[in-house]
Amino acid sequence: MTSVVLEEIPDRVSLAVEISHCRGNCEGCHSPFLRKDIGRELTPEVIDALVADNFGVNCFLFLGEGRDPETLLDLADHARSLGLEVAVYSGREEVEDIYWDHFDYIKLGPYKPAFGPLNNPKTNQRLYRRVDSGWEDITFRFWR
Ligand code: SF4
């Protein structure tokens, strides 16, 4: 499923695409259907069409990673080549170092019911934004 969202990435109008075949196993998973291999393949051509249909977005958000990191990073590069910032919501505690070269925003951390999602000040999840000096934890932006 795709949607244009305002809250997932602060100050950005994001075109969010749910990525299936999730590698996670979060307790109380909010989207169990994403753990299956469903939907249609995301390709550069599909991204082109989605962006063309959603004029005004300035960020492409991968809601999940799937199981093919090489393709994910290629698709991230493609979205960036269209002039968009690129974000990924990972359910993992950490991602491979190479991820930090391909995204402008990375969300880390599995969903844990006891700690809640990003907008819960107790959350275990973190959203990082690329800045000139490296990466900034901007999770607090969800708590206002
Ligand atoms: S990251 Fe966790 S909550 Fe999200 S789809 Fe995967 S298992 Fe479910």
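A disulfide is a covalent bond between the sulfur atoms of two cysteines. Counted as a pair of cysteine sulfur atoms within 2.5 Å, disulfides number zero in the structure.

The model is predicted, so local features need pLDDT of at least 70 and side-chain atom pairs count only at pLDDT 80 or more, while totals for chains, interfaces and linings use all residues. Residues are numbered from 1 along each chain as its sequence is written, and side-chain values use heavy atoms, with hydrogens and water left out.

C59 is buried, at 0%. C29 has 24% relative accessibility and is therefore partly exposed.

The next topic is charge pairing. Side chains of opposite charge can pair when their charged atoms come close. The criterion for a salt bridge is a side-chain nitrogen of Lys or Arg within 4 Å of a carboxyl oxygen of Asp or Glu, and the structure holds 10 of them. One of these joins E85 to R12, with an N to O distance of 2.4 Å. Helices (H or I, at least four residues) and strands (E, at least two) are DSSP runs, numbered from the N terminus. Both partners are partly exposed: E85 has a relative accessibility of 25%, and R12 one of 23%.

Another salt bridge links E96 and R92 at 2.9 Å, N to O. E96 is partly exposed at 36%. This pair also belongs to a network of salt bridges that links R23, E65, R92 and E96.

In the salt bridge between D137 and R126, the closest N and O atoms are 3.1 Å apart. Here D137 lies in strand β7 (residues 134-137) and R126 in strand β6 (residues 126-131), so the tie is between parts 11 residues apart in sequence. D137 is partly exposed at 31%, as is R126 at 25%.

E41, D68, E70, D74 and D77 make up a negative surface patch. Patch members have over 30% relative accessible area and no salt bridge, like charges being joined within 9 Å, with the place of a charge taken as CG of Asp or CD of Glu. One member, E70, lies in helix α2 (residues 69-81). E70 has a relative accessibility of 62%, so E70 counts as exposed.

Two backbone angles remain. Most residues other than glycine have a negative phi. D11, although not a glycine, has a positive phi of about 65°. D11 sits in the loop between β1 and β2 and is exposed, with a relative accessible area of 54%. H21 is likewise a residue other than glycine with a positive phi, near 65°. H21 is found in the loop between β2 and α1 (44-53), and at 27% relative accessibility counts as partly exposed.

Technical notes. Patch = residues over 30% accessible without salt bridge, like charges linked within 9 Å, V, L, I, M, F, W, Y side chains within 5 Å. Areas by Shrake-Rupley, 256 points an atom, 1.4 Å probe, with all protein chains shown as cover. Lys, Arg positive; Asp, Glu negative; His and termini not counted. Buried < 20%, exposed > 50% of the residue type's maximum accessible area, 1.4 Å probe, protein only.
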